[in-house]
Amino acid sequence: MSDPIRPTADCSRTLTLRGLVGEDADYAGADPAIEVSEPALDSRRARAGDVFFALSGSKADGMAFAADALKRGAVAVVAESERPGWLDPAVSYVRVGNARRAVALAAARAFPRQPETIAAVTGTSGKTSVAAFARQLWQGLGHASASLGTLGVVKPSGEVYGSLTTPDPIELHRTLHALAGEGVTHLCLEASSHGLDQHRLDGVRLKAGAFTNLSRDHLDYHPTMDAYLDAKMRLFRDLVPRGGGAAVWVDTTEGSHVAQVAADHELEVLGIGVAGAGIALLSRADEGLGQRLEVEVEGARYVLRLPLVGAFQACNALVAAGLAMLTGASARAVLPLLEKLAVVPGRLELVGTKDGAGVFVDYAHKPDALANALDALRPYASGRLIVVFGCGGDRDRGKRPLMGAIAAAKADVVIVTDDNPRSETPAAIRAAILASVPGAREIGDRAEAISAAIAMAHAGDVVLIAGKGHETGQIVGDRTLPFSDRDVAVALLEE
């Protein structure tokens, strides 16, 4: 596939406007029989025969770009509002009740092929790991498998980096169409709360869904934690069909709620975690750069060595195993494969050592994730646990002092630096963190902060560089500057 992000639709199929948009629409101002090509959201990418969907957003109204789309060859406009007076009467205009859902379903019709088995995972933390682990488990079972999310698309033929946890629906369905064309049969994708709330996954033919956990995040978008959880519940209420599966980490109040919601919607719920659950984690112990798990499934016990650091990774691995079991594999076939899992880039990734001190990179950029990463590394620090982190700009400001307090409580040395400041003043972001970290060092330049942390590390110490994980850029103002925590750390260690 020459361009995995922009394959063309199935040219052997002729779509009409009604065939693309569907029956649930008002065609009073349109010719539903005209032939059309694909849906379009970005007017700059509209081509001859496309149908432009004008979405209303918090920052812009898509209708403002409709004229541009028409100039580029679009033949119809779809929106929720009444037909604008400026629009040429000859242009087909379709009115729908929910334009976001309409464009997702239109994308599914334009790009109809999908992998036979698709699972989606939601939760605050762990989505990327679960998706990657599910892909690895399916691969170990002999299936052509892929994962899609924060890391982009990882597939048998290679990797394509992405920028969103859940892509826009047109890009998503193009990608599913292309993956199926490459012979991929099994796919696990990440379902963000934004993606679920904005109907980006509508039209994806899911076999199962998974839930990891819930903690504070994205409160710059969702008004409350209840609204945040409710957005995630769309996966189990609306998207996984009745009779499908739900793999749920039930060892939390939110997990128990999710399991009940899934059961109420007639899904096959596989609870994971507590004794008596479908997959029960009976015991866990750290062993070197790994851990020993004792697991029980249907009365059978398994003792496994998981080659990953951190209790939370045991949770993620077992949730992935649950997805594999819900999509046709036996526990006997799946659980031994956990011993072969590979670390996910930027997720508690050991990037090197210096004089006996381990240096780890992790994506933790929210309070709960930072706490979990520090807790996971504490057993390996016979000396000091050193953490370097910051917080992103133009995002939930309330988590900044929370993350500072967590670092102060769980690390021995704290260096506060810049993350992705975006349009905010970096010093102001650091100040909000430093207010709850008495004695922390402030080094705004991220490369200098990483250098300082590694320079002070000695035998027995552990360094955690948190916040950006796999990312290869730092967003400052309106520019994305090349920057990789991993590359900077590796270069310093090689010196």
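Q: In β24, which residue is the bridge partner of aspartate 362?
A: Alanine 466 is that partner. Some ground rules come next. This is a predicted model, in which local features need pLDDT of at least 70, side-chain atom pairs count only at pLDDT 80 or more, and totals for chains, interfaces and linings use all residues. Residues are numbered from 1 along each chain as its sequence is written, and side-chain values use heavy atoms, with hydrogens and water left out.

Q: What does pLDDT say about the protein chain?
A: pLDDT is the predictor's confidence in each residue, from 0 to 100. The protein chain averages 93, and 95% of the residues score at least 70. Over residues 1-7 the pLDDT is below 50. Beyond near neighbours in sequence, that stretch has 18 contacts in the model (heavy atoms within 4.5 Å).

Q: How do I read strand pairing, and which strands pair with β24?
A: Helices (H or I, at least four residues) and strands (E, at least two) are DSSP runs, numbered from the N terminus. Two strands pair if DSSP finds at least two bridges between them. β20 pairs with β24 in the parallel sense over 5 bridges. Within β24, phenylalanine 360 has leucine 464 as its bridge partner. Strand β21 (residues 385-389) also runs parallel to β24, joined by 4 bridges. There, leucine 385 stands opposite valine 462.

Q: In what order do the strands of this sheet lie?
A: The order is β19-β20-β24-β21-β22-β23. These 6 strands form an open sheet with mixed pairing. β19 and β23 (441-442) stand at the edges. Each has a single partner strand, so one side of each is left without a neighbour in the sheet.

Q: How many residues of β24 are buried?
A: Buried means under 20% relative accessible area, exposed means over 50%, and partly exposed lies in between (1.4 Å probe, protein chains only). In strand β24 (residues 462-466), 5 of the 5 residues are buried, so the strand is largely enclosed by the rest of the structure. Both faces are covered. Val462, Leu464 and Ala466 are buried on one side, and Val463 and Ile465 on the other.

Q: Which strands form the open sheet that includes β5?
A: That sheet has 5 strands, in the order β2-β7-β6-β5-β4, with mixed pairing. Its edges are β2 (26-29) and β4 (39-40). Each edge strand has a single partner, so one of its sides has no neighbour in the sheet. Strand β5 (residues 51-53) and strand β6 (residues 76-79) pair in the parallel sense over 3 bridges. Valine 51 stands opposite alanine 76 in β6.

Q: Where does UniProt place the feature "binding site"?
A: UniProt positions are in the numbering used here, feature names are shortened, and annotations may be inferred rather than shown by experiment. The unreviewed entry places this feature at Leu41, Ser43, Thr165, Thr166, Ser192, Gln198 and Arg200. Take serine 43: it lies in the loop between β4 and β5. At 5% relative accessibility, serine 43 counts as buried. Not counting residues up to four places away in sequence, serine 43 touches Phe52, Phe65, Asp68, Ala69 and Arg72. Glutamine 198 sits in the loop between α6 (193-197) and β13 (208-211). With a relative accessible area of 17%, glutamine 198 is buried.

Q: How do I check a helix span, and where does α7 bend?
A: The expected span is 1.5 Å times one less than the number of residues. Helix α7 (residues 225-239) has 15 residues and should span 21 Å. Its end C-alpha atoms are 21 Å apart, which agrees. A bend at a residue is the angle between axes fitted to the seven residues ending there and the seven starting there. α7 bends by about 35° at methionine 233.

Q: Which elements do the buried residues of α7 pack against?
A: An α-helix has 3.6 residues a turn, so residues three or four places apart point the same way. The buried residues of α7 include Tyr228, Leu229, Lys232, Leu235, Phe236 and Leu239. The buried residues of α7 pack against β8 (117-122), α6, β13, β14 (245-249) and α8 (253-264).

Q: Is aspartate 355 buried or exposed?
A: Aspartate 355 counts as exposed, at 58% relative accessibility. Its phi is near 55°, a positive value in a residue other than glycine. Aspartate 355 lies in the loop between β19 (349-354) and β20 (357-362).
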